[in-house]
Amino acid sequence: MTITAGEVSPSIAEAAALLGVASADLNPEFGVIPIDRSLGTYVVEVRADRLPQEPTGTAPYRGPFSNPRIEPLSPASGDKDPDSKS
């Protein structure tokens, strides 16, 4: 979910307060990721069962958003295929 804060990244606790959820509801491993510091826009990962019911803030993007695992479909250019015998 997106939050709007100042140019300095908020802490997990500050981000949780902006969303109106507990700090334990945010994923600390994901952290607070800047989207656009000049606009004070950041993204955090909130447990699905703890999403706030009412919108907060005025950010143009809100969420929740999906977070699929991103993996390469094949070896990077120039990398040898691990299954290759050459």
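Colleague: What does the accessible surface of the protein chain come to, and how much of it belongs to carbon and sulfur atoms?

Modeller: About 6400 Å², with 54% belonging to carbon and sulfur atoms; such areas come from the Shrake-Rupley method with a 1.4 Å probe, and for residues only the protein chains shown count as cover. Keep in mind that this is a predicted model, where local features need pLDDT of at least 70, side-chain atom pairs count only at pLDDT 80 or more, and totals for chains, interfaces and linings use all residues. Residues are numbered from 1 along each chain as its sequence is written, and side-chain values use heavy atoms, leaving out hydrogens and water.

Colleague: Why is Asp25 called buried?

Modeller: Buried means under 20% relative accessible area (exposed is over 50%, partly exposed in between; 1.4 Å probe, protein chains only). Asp25 has 11% relative accessibility, so it counts as buried.

Colleague: And what is Asp25 in contact with, leaving aside its neighbours within four places in sequence?

Modeller: Glu45, Val46, Arg47 and Arg50, where contact means heavy atoms within 4.5 Å.

Colleague: Which residues of helix 1 are buried, and what makes them line one face?

Modeller: Ala15, Ala16 and Leu19, in a helix that spans residues 12-19. Down the axis of helix 1, the buried residues fall within an arc of 100 degrees, so they line one face; the arc is that of the directions from the helix axis to the C-beta atoms. Strand 1 (2-4) is among what covers them.

Colleague: How are helices and strands assigned here?

Modeller: As DSSP runs, numbered from the N terminus: H or I of at least four residues for helices, E of at least two for strands. The protein chain has one helix and three strands, running β-α-β-β from the N terminus on.
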